[in-house]
Each structure stands twice: as structure tokens, then as C-alpha cells.
Amino acid sequence: MKNDLLIKALKGETVDRAPVWMMRQAGRYLPEYIALRNRYGFFERCQTPELACEITLQPVDIIGVDAAILFSDILVVPQAMGMEVQLIEHKGPVLPEPIRTEQDLERIVVPDVHDRLHYVFDAIKLIKQELNGRVPLIGFAGAPWTLLCYMVQGQGSKTFDEAKAFCYKNPVLAHTLLQRITDTTIAYLKAQIEAGADAVQLFDSWGGLLSPHDFEDISLQYMRQIVAAVKDLAPIVVFAKGAWHSLAEMAATGAAGLGIDWCIKPGLARSMAGSKVTLQGNFDPAKLLAPIPVIQQEVKQMLQGFGKDRYIANLGHGILPNVPVDHARAFVDTVKEYAWH
Ligand SMILES: Cc1c2[nH]c(c1CCC(=O)O)Cc1[nH]c(c(CCC(=O)O)c1C)Cc1[nH]c(c(CCC(=O)O)c1C)Cc1[nH]c(c(C)c1CCC(=O)O)C2
């Protein structure tokens, strides 16, 4: 591997500078992505290894990030478990037959991932070949709670009230579903690593909607199982947006890295997480809309706050579609050029 900064940072090894990548870095802010988006459907892009490979490499070639992240989506897992998932323009994901009853749950299986998600593993093999050791490849999956949100709510939401009501009214069904998602995710991430992913990330985008107590019961206990199952195969990063109240508990899972959003100061995040885990984050994605000199100034402040080692520079959530490409590049370049002494 020519650039293994990300893996070194995740292992806690000393680095010359912090590695940098951006969540959702393969996406609509890139004209090269839009060109492919206009020609192929979303899941067609996910399911065609050549397209997934091309899109995965775009930010590596165009922006110069220190890691590639597989182009796919967290919702390919509900699909593989038996649900229909559509992606509707200007609306986002729609699952026309959401889970609400015990009967609905009968349709949801723990699939053979090698059969249902083989296209993901084919894409990973192709990407590894094309990367040819330039940078590491990150695989990923959605956390069980975040996937339940979509599987029960049936679409995006600010509150995911239907999903929460399902958990509070039918705890036995909810835990049955969460365990099925967990079992699928363990097999899925193991197969991604087998295919060549150098690290993996769990996205719990909606972890912050739960109280600390519910977060443990509905989300963290399942993420803990996933971390335990894969952590000796590859470094795993847990990103639970809005759930910084539980950073200490997340660090105790044995994850190599924790994603941090922009609502917590670096020093407090470090003191809660302890010294044995790598922190990743936490630039406000909307701040990439600020003028470039402001981005540069604020990135430097972020780097000072986290320090060089056991740190991966990133955004605190996914990049927004309206970010100018040169602003994304300014973010990455500022990290790469920062003088650590
Ligand atoms: C919640 C979630 C989803 N998907 C994902 C999450 C967790 C991370 C987060 O919270 O942002 C994760 C995801 N989705 C996508 C990636 C690819 C890799 C990357 O560049 O990070 C990753 C890691 C591609 C995508 N997934 C999607 C797009 C945009 C759709 C398109 O281009 O047609 C991309 C590039 C569609 C998607 N997929 C999802 C939503 C809500 C949407 C629509 C809203 C949006 O567009 O951002 C579900």
C-alpha cells in the first residue's frame, strides 16, 4: 500500500500527518458523478461493479482523498433481506411495504449474502485491482437501528416517529428484527473484508434520535455484536451521529475508530472516548459552503483540536450536494498541507 495513513491512524501508529476523507465523498457534488447518474438508475449503479468502481475512484482521482469508500448504499441490506427499496428523486428512499406487524416480519429473512449481495463483493475486488494500492478501501454497512428506521418508517423522516413507536409498542418484534439485521450485517461485513475491504464503517445516522438508555437497548447492543465479530478481521469505525453521550460505551466495544459530529468539542470527545481509539470527524458539512479562506481557517482549528495521532480528518456527516468541488478540495488540501510543528 503506497498510502496507508488511514490504516496506521486506525491502528494507533504514529503518522507524519492525519489522513483525510469525506463521508459520502462519491456523490452529487461531483459533475463526473452527475454524468453517470443521468445515464443509469441508482441501484443499477450499485449493482454494476464497473460503475460502482468508477464512482468509488472519482473522489480519489479528483479530490485526492487518502481513502476510497465503496460506492453502494446502506439500503442494499434491507433489499437483500426481502424488502423493495426505491430511490425517488427529490424525495430519497421509499420502501413501499414497511414493516409494522408480526406478519410483515415473516417476509424478512437473514439471506445468504454471497448470493444476494455478490455484486458488492465483485465491485470490491474490481476496485482493489484498480486502486492498485494507491489508498485503502473502506467498506460499510448501516447500523441495525438506522436500517430499522427505514424498514419500519418506509421513507426518510426528521423524527422517525413510526419507527420509534414500533420499538416502544412491540419490543419483542423490534428486537427480532434488529437481531436479523445484525446477523445479516455481520455476514455482509465479513464478506466485504474477505473480498478486500481494508477497513469498514458502521453508519448509525439516526442514533442521536434515541435517549441514552434507548440507544443502548435499541442500537448499541447490536453494534457491539457487529464490532466483536469483525474487529479482529479489519479495523472498524462506528459512527453514531448525535449520540456523543455514549462515546465511552462505543469506545468500549473495541472499535478502532469513532466518528464524531460537529456538535461536540474535540477535547471533550477525546476525554469521553479515552486514548485507545481513533477519532474521525468532525467538520460541519455546511461549512464547506463558506468562502475558502474560512474553510482553511476552521480546518486548522479542527486539526489543532484533535491532534495529529489517533485522528482521521473528515466531515461530521455526509458532504452536501451543493458544495463546490474546489471547496471540497480546499478541505482536503488544508489537512494535507498542515504544518504539524
Ligand atoms: C442514511 C444513509 C443512506 N445511505 C447512507 C446512509 C448513511 C450515511 C448518512 O447518514 O449520510 C450511506 C451511503 N450512501 C451512499 C454511500 C456511498 C459511499 C460514499 O461516498 O460515502 C454511503 C456510505 C451513496 C448514495 N446514496 C444515495 C445517494 C444519492 C442518490 C443519487 O445520486 O441518485 C448516494 C450518492 C441515496 C440515499 N441513500 C440514503 C438516503 C437518505 C439517500 C437519499 C438522500 C441523499 O441523496 O443523500 C440512505
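Student: Which residues of H4 meet which residues of H8?
Tutor: Pro49, Glu50, Ala52, Cys53, Thr56 and Leu57 in H4 meet Tyr119, Asp122, Ala123, Leu126, Ile127 and Glu130 in H8. Two residues are in contact if their C-beta atoms, placed from the backbone, lie within 7 Å. By class, this contact of H4 with H8 has 8 nonpolar, 1 polar and 3 charged residues. Ala, Val, Leu, Ile, Met, Phe, Trp, Tyr, Cys and Pro count as nonpolar, Asp, Glu, Lys and Arg as charged, and the others, Gly among them, as polar.

Student: How are the numbers and labels set?
Tutor: Residues are numbered from 1 along each chain as its sequence is written. This is a predicted model, where local features need pLDDT of at least 70, side-chain atom pairs count only at pLDDT 80 or more, and totals for chains, interfaces and linings use all residues. Helices (H or I, at least four residues) and strands (E, at least two) are DSSP runs, numbered from the N terminus.

Student: At what angle do H4 and H8 pack?
Tutor: Helix H4 (residues 49-62) and helix H8 (residues 118-131) pack at about 50 degrees, with their axes 8 Å apart. Axes are lines fitted to C-alpha atoms, for helices over the stretch in contact, and angles run from 0 to 180 degrees between N-to-C directions. H4 and H8 are therefore oblique to each other; angles under 35 degrees count as roughly parallel, over 145 as roughly antiparallel, 65 to 115 as roughly perpendicular and the rest as oblique.

Student: OK, new topic. What about the sheet?
Tutor: An open sheet is formed by 7 strands in the order E1-E4-E5-E6-E7-E8-E9, with parallel pairing. Two strands pair if DSSP finds at least two bridges between them. The edge strands, E1 (68-69) and E9 (311-315), each pair on one side only.

Student: How many bridges join E5 and E6?
Tutor: Strand E5 (residues 199-204) and strand E6 (residues 236-240) pair in the parallel sense over 5 bridges. Phe203 stands opposite Phe239 in E6.

Student: Which helix packs on the sheet?
Tutor: Helix H11 (residues 171-195) does, touching E4 (137-142) and E5, and its direction makes about 170 degrees with that of E4.

Student: And which residues are closest to the ligand?
Tutor: The closest are Ala26, Gly92, Phe203, Ser205 and Gly318, and 21 residues surround the ligand. A residue is near a molecule if its C-beta atom, placed from the backbone, lies within 6 Å of it. The shell divides into 11 nonpolar, 6 polar and 4 charged residues.
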